[in-house]
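Please read the points below with the model open beside them. They are meant for someone who has not looked at this structure before.

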Amino acid sequence: QVQLVESGGGLVQAGGSLRLSCAASGRIFSIDAMGWYRQTPGKQRELVATITSSGSTNLADSVEGRFTISRDNAKNTVYLQMNNLKPEDTAVYYCNANVRDADYTINYWGKGTLVTVSS
């Protein structure tokens, strides 16, 4: 079993910054893509950013130029640096990872961390 634990959410004023972290632990052989998604009440969960094991990144148009995704493979951790935050960035942010054990690749989700951006 694998657990993803997010941290770093909170309340920030518009224009401010936050850094989210997500650490994977448990039965891990390796981790392929990792990413961040977000969700607000009544809306579908949407992709924010993803990063492959080799470091290739993909960011949603809405956060391009403001957010940066990175990872530390030795620590099985993915980060999301969020700058110039806007009220519309307010959401629960979820970590996602494709984790390999010896025989399988399984997709896991964290429980989420709330980011609130005040105007």
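The notes that follow cover the basis of the model, its strands and its salt bridges.

1. Basis. This is a predicted model, in which local features need pLDDT of at least 70, side-chain atom pairs count only at pLDDT 80 or more, and totals for chains, interfaces and linings use all residues. Residues are numbered from 1 along each chain as its sequence is written, and side-chain values use heavy atoms, with hydrogens and water left out.

2. Strands here are DSSP runs (E, at least two residues), numbered from the N terminus, and two of them pair if DSSP finds at least two bridges between them.

3. The β7 and β8 pair. Six bridges join β7 to strand β8 (residues 77–82) in the antiparallel sense. Within this pairing, Gln-81 in β8 is the residue opposite Thr-68.

4. The partners of β4. Strand β4 (residues 30–39) runs antiparallel to strand β9 (residues 91–100), with eight bridges between them. Gln-39 has Val-92 in β9 as its bridge partner. β4 also pairs with strand β5 (residues 46–51), again in the antiparallel sense, over five bridges. The hairpin of β4 and β5 has six residues between the strands, and in it Gly-42 takes a positive phi near 80°.

5. A salt bridge is counted when a side-chain nitrogen of Lys or Arg lies within 4 Å of a carboxyl oxygen of Asp or Glu; the count comes to five. One of them joins the side chains of Arg-100 and Asp-32 at 3.0 Å, N to O. These residues are 68 apart in the chain, with Arg-100 in strand β9 and Asp-32 in strand β4. For accessibility, buried means under 20% relative accessible area, exposed means over 50%, and partly exposed lies in between (1.4 Å probe, protein chains only). Arg-100 is partly exposed at 38%, and Asp-32 is partly exposed at 22%.

6. Salt bridges: the network. Which residues are linked in a network of salt bridges? They are Arg-38, Glu-46, Arg-66 and Asp-89. Glu-46 and Arg-38 have their closest N and O atoms 2.7 Å apart, while for Asp-89 and Arg-38 the value is 3.0 Å. Asp-89, in the loop between β8 and β9, and Arg-38, in strand β4, are 51 residues apart. Glu-46 is partly exposed at 39%, whereas Arg-38 is buried at 7%.

7. Surroundings of Asp-89. Asp-89 is buried, with a relative accessible area of 1%. Its side chain makes a polar contact (N or O atoms within 3.5 Å, one able to donate a hydrogen and the other to accept it; residues adjacent in sequence count only if both atoms are side-chain atoms) with the side chain of Arg-66, at 2.7 Å. The backbone nitrogen of Lys-86 is 2.8 Å from a polar atom of the Asp-89 side chain. Leaving out residues up to four places away in sequence, Asp-89 touches Arg-38, Arg-66, Phe-67, Asn-84, Val-115 and Val-117, where contact means heavy atoms within 4.5 Å.

Methods. Helix = DSSP H or I, 4+ residues; strand = E, 2+ residues; numbered from the N terminus.
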